[in-house]
Amino acid sequence: KNSAKAMEKELVTCSLQEKEKTAIDRSQIFQIPQRKDLETKVIVVLGKAGMGKSILVQKICQDWSNGEFSQFEFVFWFDCKISLPEKQYSLKELLLKFFVKPQEGSKEIFEYILQNPDKVLLIFDGFKGLQDHENFPRCSASQPEKDLCSIKELLSGLIQKKILNGCTLLFTARPKDKLYQFVSKVDKTIEIVGFSPQQRELYITKYFEESLYCDSALKLIKECEYLFSHCYSPVMCRFVCFLCETVLEMGEKSLPSTLTEVFLKFFQQKIMFMQTDVTNVTTTKNQENLATLARVAWCLGEKHQSAMKSDLIPSKEVKEFALKYGFFLPFAFPRHSDSEEEEFGCTFSDFVIQNFLCALHLLLAEELKDKNLTKYLSFLSKKKKPYNWLDLMPRFVAGLMFLQDDPCFCSLSNEDEKQSTKKQKTLLKYIRRLQIDTLCPERLLELLCCVYETQNNYLLQHVALRLEPKLSFLGIALTPPDVHVLHSVLKRSRKEFSLDLQNSSIDMQGLQALVSLRNVTSFRASLSDTVRLWKSLEQTKDYELLKASTEKFVLDPFKAKTMKDISDLSDLVEMQEKMMNCVQEASGCTSYEIPAIRNLRKLEFALGPACGLQGLLKLVKILAAFPSLQHLDLDALSENGIGDEGAKSLSEVFPTLTSLETLNLSQNKITDLGAENLAAALPSLSSLKTLSLYNNNICDFGAENLAKVLPAMTSLRVLDVQYNKITGVGAQQLTDSLRKCPQMKNLVMWNPTIPYGVLEHLHQLDSRISV
């Protein structure tokens with residue numbers, strides 16, 4: 001349990017969503033500043049399926065072969081999506097027999113690798129993680145040339161720097177895969193987030209640049225906003241372009257409205273277009289082969305696999321069918337030794353194709369009853385999502401249920417219409433009974449996406465009317481298609497909504513779309529994203545939406561955890577000044593306050609000791625901009641350590657904090673000097689009720705200065721100075737001053753340096769003193 005909690009805490013501190021979005025060039029991937037060259041470097045590239053992680057790896061290898069990344073003399077690339085045989089290897093065998101077989105000099109080459117690990121790059125593409133942290137394998141390979149280990153043990157040894165210390169490791173993985181157990185050993189994490197709207201347009205333009213439909217293709221795709229949103233994924237963009245090309249060639253004027261229709265049409269076009277002798281017999285045979293292939297996809301998908309050996313494929317006919325239409329790609333397993341025969345296999349050409357075939361299997365499989373289909377839709381309110389490896393499959397299942405009378409579906413299956421109607425009723429009944437208000441954000445989003453794929457007006461309206469007014473997607477990655485679906489459903493509802501979009505990685509276009517909805521009356525989002533949106537609206541002079549979105553934005557309470565948070569807060573204050581000019585230009589008013597700034601009541605500061613003082617010095621410059629600030633909390637578990645310099649800087653802005661009621665300066669290494677500066681300015685905090693200086697380094701001189709100003713602090717009710725270095729002398733001075741403060745309710749001053757008898761005596765003199 002403790003180790004699990006430690007990992008959870010570690011993950012929170014390494015959350016990608018807290019990091020600044022910065023585009024980097026391929027050449028920067030291996031640049032790690034302030035890192036010892038002599039130690040192993042671990043780099044992780046995260047990205048959802050289809051984002052281009054494998055393409056990136058291939059490009060790195062190609063660039064290296066063309067002379068780039070010259071710091072590496074050896075590059076070894078392992079495709080983890082094709083399972084490595086469960087055999088024992090030495091490091092030498094893994095690199096120079098399994099991966100590549102030099103014709104001669106393998107001993108000398110390996111010796112050179114061992115002596116120059118900094119010149120070695122090892123790439124593990126499609127890494128699924130070492131799943132069980134409790135049984136994390138320890139590698140005991142003291143002789144890398146001879147000692148035999150499993151693949152997991154070798155990986156463990158490399159990550160733990162027990163083997164080939166000084167090399168560079170590059171892993172690519174999906175964000176949900178378990179990289180937790182060695183997250184503390186990762187030097188750099190990069191996430192591929194897909195195409196921006198401008199990049200989508202560029203890709204589509206390039207795809208059609210030599211086509212007759214160059215001008216009309218982009219227009220057609222952009223008209224279908226849902227499909228255009230899916231084009232943020234490079235793989236999806238390619239599928240949409242392929243289908244658009246087909247549609248235009250057939251003289252049709254519109255694209256399908258859902259992803260399910262896209263792939264239904266894709267499969268139908270692939271099979272029908274390449275089939276020269278379309279007869280009833282051929283069609284039936286294709287349907288049978290497709291059904292068998294769908295079963296194969298499901299069997300592999302349940303095991304989180306996409307590849308299999310050729311001899312395990314049900315029949316030669318199915319294999320040829322899948323290869324012919326591009327649903328399968330062939331590959332050869334590397335040979336472990338010269339005596340072994342080369343083994344061949346097939347892998348699904350794309351994760352989306354496997355997902356779609358899995359959904360097709362669930363609808364066509366005779367052994368599955370209609371009522372069992374709903375369990376694969378993953379709306380269940382359990383913590384774990386059962387089919388997250390096949391994350392598109394539930395959406396395809398829901399979509400196919402409402403497309404079973406579609407001509408495309410009929411050409412791929414021989415299911416009768418009665419069966420399809422029965423399955424639709426099952427889904428309708430299931431969603432009607434679903435307690436939508438109890439779903440966690442991830443499940444709710446999945447439900448919305450599945451219902452959207454059905455394009456059933458009743459279902460869409462039913463879900464829209466049952467959404468809670470307060471919707472939180474805090475920490476849930478919202479992709480462009482997710483945002484499109486959410487926007488579409490919210491627009492159908494008559495309710496007013498409050499959205500929490502913090503740490504959701506939502507793009508600016510998506511944020512603008514949701515914020516512009518009339519029935520979204522308030523929203524929270526990352527400050528940097530919000531300010532970026534406002535700056536964009538200011539540049540385009542869309543003052544109406546700019547004003548409306550600032551009215552809806554909520555900031556209170558705000559917790560600053562990084563220097564970036566302080567910079568974003570400064571940008572927000574700066575934005576208010578620009579807004580004054582905009583409002584003046586639009587309406588002639590001479591003043592304007594952003595409501596979020598005007599209404600901020602609680603500000604927590606938790607930057608820790610490394611940036612505490614630096615961050616506070618920047619924060620005090622803008623504190624006066626928050627007229628309603630009532631609670632300023634500078635106490636953090638990691639201790640901010642602002643010290644006397646921070647206390648002095650803060651005290652200088654006290655006169656501007658007229659609404660401040662609670663000031664927490666606990667655990668900040670403040671000494672008598674800082675207490676003296678604070679005391680001189682404290683009476684100017686005219687509304688202050690609670691002051692905490694708990695666990696600092698204040699001695700009797702500091703206590704004396706505080707005692708002097710207590711009578712002048714007419715609003716103060718509670719003072720906490722416990723766990724400092726105050727002795728009986730300082731305690732007596734505070735007690736004497738307390739007599740002149742009838743408004744005070746509590747003085748907490750237990751200190752290890754005050755004798756217990758003295759404190760007890762003071763408590764008897766004045767019961768407001770806590771023992």
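Which residue in β17 is the bridge partner of Leu691? In this predicted model, the partner of Leu691 is Leu719. The bridge belongs to the pairing of strand β16 (residues 690-692) with strand β17 (residues 718-720), which run parallel and are joined by three bridges.

**The eight-strand sheet**

Strands β16 and β17 stand side by side in an open sheet of eight strands, ordered β12-β13-β14-β15-β16-β17-β18-β19, with parallel pairing. The edges of this sheet are β12 (558-560) and β19 (769-770), each of which pairs on one side only. Strands of a sheet pair through backbone hydrogen bonds, in either the parallel or the antiparallel sense.

**Strands β10 and β11**

A parallel pairing is also found between strand β10 (residues 497-500) and β11, with four bridges. Strand β11 covers residues 520-524, and four of its five residues are buried, so the strand is largely enclosed by the rest of the structure.

Ser522 is located in β11 and is the bridge partner of Ser498. The side chains of Ser522 and Ser498 also make a polar contact, at 2.9 Å. Ser522 has a relative accessibility of 17% and therefore counts as buried, the cut-off being under 20%. Leaving aside neighbours within four places in sequence, Ser522 is in contact with Phe497, Ser498, Leu499, Lys552 and Val554.

**Salt bridges**

The model has 20 salt bridges.

| Pair | N to O distance | Location |
|---|---|---|
| Arg200 and Asp507 | 4.0 Å | helix α6 (residues 197-207); loop between β10 and α21 |
| Glu446 and Arg395 | 3.4 Å | helix α18 (residues 441-454); helix α15 (residues 393-401) |
| Lys564 and Asp568 | 3.0 Å | both in helix α24 (residues 563-587) |

The salt bridge of Arg200 with Asp507 has its closest N and O atoms 4.0 Å apart. Arg200 lies in helix α6 and Asp507 in the loop between β10 and α21, so the pair ties together parts that are 307 residues apart in sequence. Arg200 is buried, with a relative accessible area of 4%, whereas Asp507 is partly exposed at 23%.

Is Asp568 buried or exposed? Asp568 has a relative accessible area of 9%, so this residue counts as buried. Lys564, at 22%, is partly exposed.

Elsewhere in the chain, salt bridges also form a network, which links Arg26, Lys59 and Asp63.

Key: Residues are numbered from 1 along each chain as its sequence is written. This is a predicted model: local features need pLDDT of at least 70, side-chain atom pairs count only at pLDDT 80 or more; totals for chains, interfaces and linings use all residues. Side-chain values use heavy atoms; hydrogens and water are left out. Buried means under 20% relative accessible area, exposed over 50%, partly exposed in between (1.4 Å probe, protein chains only). Helices (H or I, at least four residues) and strands (E, at least two) are DSSP runs, numbered from the N terminus. Two strands pair if DSSP finds at least two bridges between them. A polar contact is a pair of N or O atoms within 3.5 Å; within protein, one must be able to donate a hydrogen and the other to accept it, and residues adjacent in sequence count only if both atoms are side-chain atoms. Contact means heavy atoms within 4.5 Å. A salt bridge is a side-chain nitrogen of Lys or Arg within 4 Å of a carboxyl oxygen of Asp or Glu.
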